[in-house]
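Open your viewer and get ready to select residues by number. We will go stop by stop.

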Amino acid sequence: MHQQSHAAGPDATPSQASATAAHRTCRFCGAPLTTSVVDLGMSPLCESYVSQEQLNHMEPFYPLHIYVCESCYLVQLDEYVSPDHIFTEYAYFSSYADSWVQHAKKYVDLVTDRFGLNRSSFVVELASNDGYLLKHFLPKGVPVLGIEPAANVAKVAVDLGVPTLVKFFGVETAKGLAAEGRRADLIAGNNVLAQVPDVNDFVGGIRVLLKPEGVVTIEFPHLMRLIQENQFDTIYHEHFSYFSYITAEKIFEAHGMRLFDVEEIPTHGGSLRIYGCLRAAKHELTARARELKAREIAAGMMGPEYYRTFTRQVEETKWRLLEFLMEQRREGKRIVGYGAPGKGNTLLNYCGIRTDLVEFTVDRNVYKQGKFLPGTHIPILHPDAIREARPDFVLILPWNFKDEIMQQLAFIREWGGKFVVPIPRVTVFP
Ligand SMILES: [Zn+2]
């Protein structure tokens, strides 16, 4: 997944850098990419937590600048020269998040029922992680295969009884499976499409792997929600593309498929679950798919203006957050963070928030405790640190879980502590 082509070719010299930048092209349709959506400046890779020993080392920062293609309206990160290790150290275990496991189980029940999956079906999940989703098919007797590039994560799935192929997914992997007669009745891909550098190879592979009446479902954060609700902190280096329904449809159509249904689901601040099939398959286009497409067009997502106003919105959100934090600190109030998610790192780095404004943050993930946030070097402590520090405000960084977190930390009210949610705009919850 990290073998992307770099903007600067092998024979580019430093003096050609600006010429190369002017020739950036859309990663889907190849049209020139000239319209900026938002420039979040230089940012470190959001999963590169800093250890105590690394505190005095230099730290790499990369541009975090997204553009929209005026031909297909795919919103995308400008290609930057990435280190080869961007994904290899990524150790996210989906099963750590309770609500995510519940979400997966509900999905499995829904699709099994709707598409009549049984012992003679074949289900494939792309980026199957630790088997958090496919394991729910096992009691139903539905044969499954996970495809997961991270060997350590795949091993956890295999131990659970979920057969897993340790590979990146694309046309080549799909052809290998199809040649063995292993085409899928259902292909699932959750939160993987945005992270794929070569979207054409990925979607092309789906087409190769589908049976004639097979169905693919893909979940991704909805670009319309990102823009409407100022979720600029969900922009980070690992997310190459940001999709509307319309653009996703264009991409699937370019690969001999079509979309026939969509659900709007609450995960990650508002996601879409699209349903696709081969062009000639019998699945009928649903009313809700037509309705969402019409809503995106009515919002202006097929024109450049819609995207050009985002920068102003993002700046306003930053200024308000900084005003709030500075005002409280001037009055001597103590502010700490909750969580160390990737989105927190984009927010804190873009806003320039360091320990003068937010003393420390806490996280339940033991892997992160004792480390420091990339770029800002805000320490990450055990959640008990909040009870000891008795801060006036807790800034909730994973705002998509704010209800869950405010429940867990209800005890801060004992000393008059309040919660602050930064997105879509600074809001204080007493
Ligand atoms: Zn394009």
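A residue is buried under 20% relative accessible area, exposed over 50%, and partly exposed in between (1.4 Å probe, protein chains only). This model is predicted, so local features need pLDDT of at least 70, side-chain atom pairs count only at pLDDT 80 or more, and totals for chains, interfaces and linings use all residues. Residues are numbered from 1 along each chain as its sequence is written, and side-chain values use heavy atoms, with hydrogens and water left out.

**Stop 1: a helix with a salt bridge**

Select helix H10, residues 310-330. Helices (H or I, at least four residues) and strands (E, at least two) are DSSP runs, numbered from the N terminus. Now show Arg312 and Glu316, which are 4 residues apart, about one turn of the helix. They form a salt bridge, with the closest N and O atoms 3.5 Å apart. A salt bridge is a side-chain nitrogen of Lys or Arg within 4 Å of a carboxyl oxygen of Asp or Glu. Arg312 is partly exposed at 45%. Glu316 is partly exposed too, at 26%.

**Stop 2: bridges across the sequence**

Select Glu359 and Arg334. Their side chains meet in a salt bridge of 2.8 Å, N to O. Glu359 sits in the loop between helix H11 (342-351) and strand S13 (361-362), and Arg334 in the loop between H10 and strand S12 (335-338), so the pair ties together parts 25 residues apart in sequence. Next, pick Glu264 and Arg295, whose closest N and O atoms are 2.6 Å apart in a salt bridge. Glu264 belongs to strand S10 (residues 257-265) and Arg295 to helix H8 (residues 287-299), so this pair links parts 31 residues apart in sequence. How many salt bridges does the structure hold? There are 20.

**Stop 3: two helices side by side**

Select H4 (residues 171-179) and H5 (residues 199-209): their axes come within 7 Å and cross at roughly 10 degrees. Axes are lines fitted to C-alpha atoms, for helices over the stretch in contact, and angles run from 0 to 180 degrees between N-to-C directions. H4 is therefore roughly parallel to H5; angles under 35 degrees count as roughly parallel, over 145 as roughly antiparallel, 65 to 115 as roughly perpendicular and the rest as oblique.

**Stop 4**

Select Asn230. Its phi is positive, about 55 degrees, although Asn230 is not a glycine. Is Asn230 buried or exposed? Asn230 is buried, at 8%. Finish at Pro424, in the loop between strand S16 (418-421) and strand S17 (427-429). The peptide bond from Ile423 to Pro424 is cis, with omega near 5 degrees.
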